[in-house]
Amino acid sequence: MNTALDMFKIDLGITHNLRDTYFTNLLTAYNDELSRKGINLDLTSTEDIMLLVDFSAYNYKHRNEDVELSKNLRNRILNRQVKGRADNAE
């Protein structure tokens, strides 16, 4: 989770560690949300870490707005859901 936290902070342009506890809990919550959508992330995989960071950063940046998820991010999540179903079918 440390790599995800570091990348999340870079995305937001934050260099201090004053909100690390909050951000770590935020990343955990969004990881759980993705899990409920059928996406179990492997946090040793760069691709999975980037999905978690991008999903978390997007939601954090738009937390006070009522906007849909970006098309790119929505497609990446959908692709992971389909891949997960295909892996489970084998």
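Predicted model: local features only at pLDDT ≥ 70, side-chain atom pairs only at ≥ 80, totals over all residues.
User: With which side chain does R76 meet in a salt bridge?

Analyst: Side chains of opposite charge can pair when their charged atoms come close. In this model the partner of R76 is D54, at 2.7 Å from N to O. Because R76 belongs to helix α4 and D54 to helix α3, the pair ties together parts that are 22 residues apart in sequence. D54 has a relative accessibility of 21% and therefore counts as partly exposed.

User: How many salt bridges are there?

Analyst: The count comes to five. One of them joins the side chains of D20 and K9, at 2.9 Å from N to O. D20 lies in helix α2 and K9 in helix α1, so this pair ties together parts that are eleven residues apart in sequence. Both D20 and K9 are buried. Another salt bridge is formed by the side chains of R74 and E68, at 3.6 Å from N to O. In that pair R74 is partly exposed, at 38% relative accessibility, whereas E68 is exposed, at 64%.

User: Where does S56 lie, and is it buried or exposed?

Analyst: S56 lies in helix α3, which spans residues 46-61. Its relative accessible area is 0%, so S56 is buried. A polar atom of the S56 side chain lies 2.8 Å from the backbone oxygen of L52.

User: Leaving aside neighbours within four places in sequence, which residues are in contact with S56?

Analyst: They are F8, L27 and Y30. With the same exclusion, the contacts of F8 include F23, L26, V53 and S56. L27 is in helix α2 and, at 0% relative accessibility, counts as buried. Among the residues that L27 touches beyond four places in sequence are M1, A4, L52 and S56. The C-alpha atoms of L27 and F55 are separated by 9.1 Å, although these residues are 28 apart along the chain.

Terms used: Residues numbered from 1 in each chain as written. Heavy atoms only, no water. Helix = DSSP H or I, 4+ residues; strand = E, 2+ residues; numbered from the N terminus. Buried < 20%, exposed > 50% of the residue type's maximum accessible area, 1.4 Å probe, protein only. Polar contact = N/O pair within 3.5 Å; in protein donor to acceptor, adjacent residues only side chain to side chain. Contact = heavy atoms within 4.5 Å. Salt bridge = Lys/Arg side-chain N within 4 Å of Asp/Glu carboxyl O.
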